[in-house]
Amino acid sequence: MSMDSKQRFSNRVDTYVKYRPSYPKEALDYLFGEVGMKPDSLVADVGAGTGIFSALLLERGARVVAVEPNEAMREEAETRLADSGDGRFEAVPGSAEETGLADRSVDFVTCAQSFHWFDREATQAEFRRILKPSGRVALIWNNRVTTGTPFLEEYEQLLLGLGTDYAKVNHRNVTKEHLEAFFRNGDVREGRFSISQLFDFDGLSGRLRSSSYSPAPGTAGYEPMMKALRELFDRNEQGGRVSMDYVTEVYWGEV
């Protein structure tokens, strides 16, 4: 993970917490069923950010070590989760490439909305080191749907046209071949689930501002993007809302 990627969200913590989607119950059911997690499993949630996914693991009874290099995001996770889970939560500074965790110390590794930022080869070696024998990794993304409604299609075009580096940092740049190379013997299994967010304009604006490729307030591109977003919303709102739809993808296996 480059230094730039570690700091990209430092000025977006508030919007990230408030407007980023959570993950569907069915995806957690899958992790605690098919993937093999159990209450009391020790999970390293790597690239944990503000703890959105860590909180869901804690709700299922897991013990969680949140590994996050960004100090502002890690502090937010600690503030939100330190008192939950009866001591089952810990947040530590570290990266996917250098977690700081002990050899063979965790049952599972999760990476929710984070793996695309990592150096894959160094991360693979580090996860092999920290996982117990037969430990598993689950890579999770909320993959925003970009077709099917005029709003979804126009929002994608907005990001491509006015986002700072959207095409470069898009997690869809992680290919099937990348995943097969990461998991042991190319054996990557997957599950897919659905989730949606309904937004008024303020919510939609917050969701966009939580993205690292959105121009920050005060920069040259900010006002043009907000103007275009307002026009997009006004064209597509129904009852004062638009629906942001996602497919939650879970890729898992041994590394």
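**Core, strand pairing and aromatic contacts in the predicted model**

Of the 30 residues in the largest nonpolar core, Y23, L28, L31, F53, L57, F89 and V250 touch the most other members. A nonpolar core is a set of buried Ala, Val, Leu, Ile, Met, Phe, Trp, Tyr and Cys residues joined through side-chain atoms within 4.5 Å. Buried denotes under 20% relative accessible area, exposed over 50%, and partly exposed in between (1.4 Å probe, protein chains only). At least two residues of this core come from each of helix 3 (25-31), helix 4, strand 2, helix 5, strand 3, strand 4, strand 5 and strand 7 (242-253). Helix 4 gives the largest share, 6 residues. Helices (H or I, at least four residues) and strands (E, at least two) are DSSP runs, numbered from the N terminus.

The model is predicted: local features need pLDDT of at least 70, side-chain atom pairs count only at pLDDT 80 or more, and totals for chains, interfaces and linings use all residues. Residues are numbered from 1 along each chain as its sequence is written, and side-chain values use heavy atoms, with hydrogens and water left out.

Strand 2 (residues 63-67) is mostly covered, with 4 of its 5 residues buried. It pairs with strand 1 (residues 42-46) in the parallel sense over 5 bridges. Two strands pair if DSSP finds at least two bridges between them. L42 has R63 of strand 2 as its bridge partner. Between strand 1 and strand 2 the chain passes through helix 4 (residues 52-59), and this β-α-β crossover is right-handed. Right-handed here means that, with the strands pointing away from the viewer, the path from the first strand over the helix to the second runs clockwise. Strand 2 also runs parallel to strand 3, joined by 4 bridges. V67 has its bridge partner, V92, in strand 3.

The structure holds 12 aromatic pairs. Rings of Phe, Tyr and Trp (its six-membered ring) pair if their centres lie within 6.5 Å; planes under 30 degrees apart count as stacked, over 60 as edge-to-face and the rest as tilted. The ring centres of F115 and W141 are 6.2 Å apart and their planes stand at 75°, so this pair is edge-to-face. It links distant parts of the chain: F115 is in the loop between strand 4 and helix 6 (120-130), W141 is in strand 5 (residues 131-144), and the two are 26 residues apart. Both F115 and W141 are buried. The pair of F127 and F182 is also described as edge-to-face, because the centres lie 6.2 Å apart and the planes are at 85°. F127 and F182 are both buried. Ring pairs join F115, F118, F127, W141, F182, F183 and Y251 into a cluster.

Two arginines lie over aromatic faces. R189 lies over W252, at 4.1 Å from the ring centre. R230 lies over F201, at 4.2 Å from the ring centre. A charge sits over a ring if NZ of Lys or CZ of Arg is within 6 Å of the ring centre and within 35 degrees of the ring normal.

F201 belongs to helix 10, where G203, L204, S205, G206, R207 and L208 are buried as well. In total, 7 of the 9 residues of helix 10 (residues 201-209) are buried, so this helix is largely enclosed by the rest of the structure. D200 caps its N-terminal end: a side-chain oxygen lies 3.3 Å from the backbone nitrogen of D202.

A polar atom of the Q113 side chain lies 2.7 Å from the backbone nitrogen of N142. Polar contacts are pairs of N or O atoms within 3.5 Å; within protein, one must be able to donate a hydrogen and the other to accept it, and residues adjacent in sequence count only if both atoms are side-chain atoms. Q113 is buried, with a relative accessible area of 16%.

Two loop residues have a positive phi without being glycine. For R104 the angle is about 45°. R104 is in the loop between strand 3 (89-92) and strand 4 (106-112). Its relative accessibility is 58%, so R104 counts as exposed. For N185 phi is about 60°. N185 is found in the loop between helix 9 (176-182) and strand 6 (189-199). N185 is exposed, with a relative accessible area of 78%.
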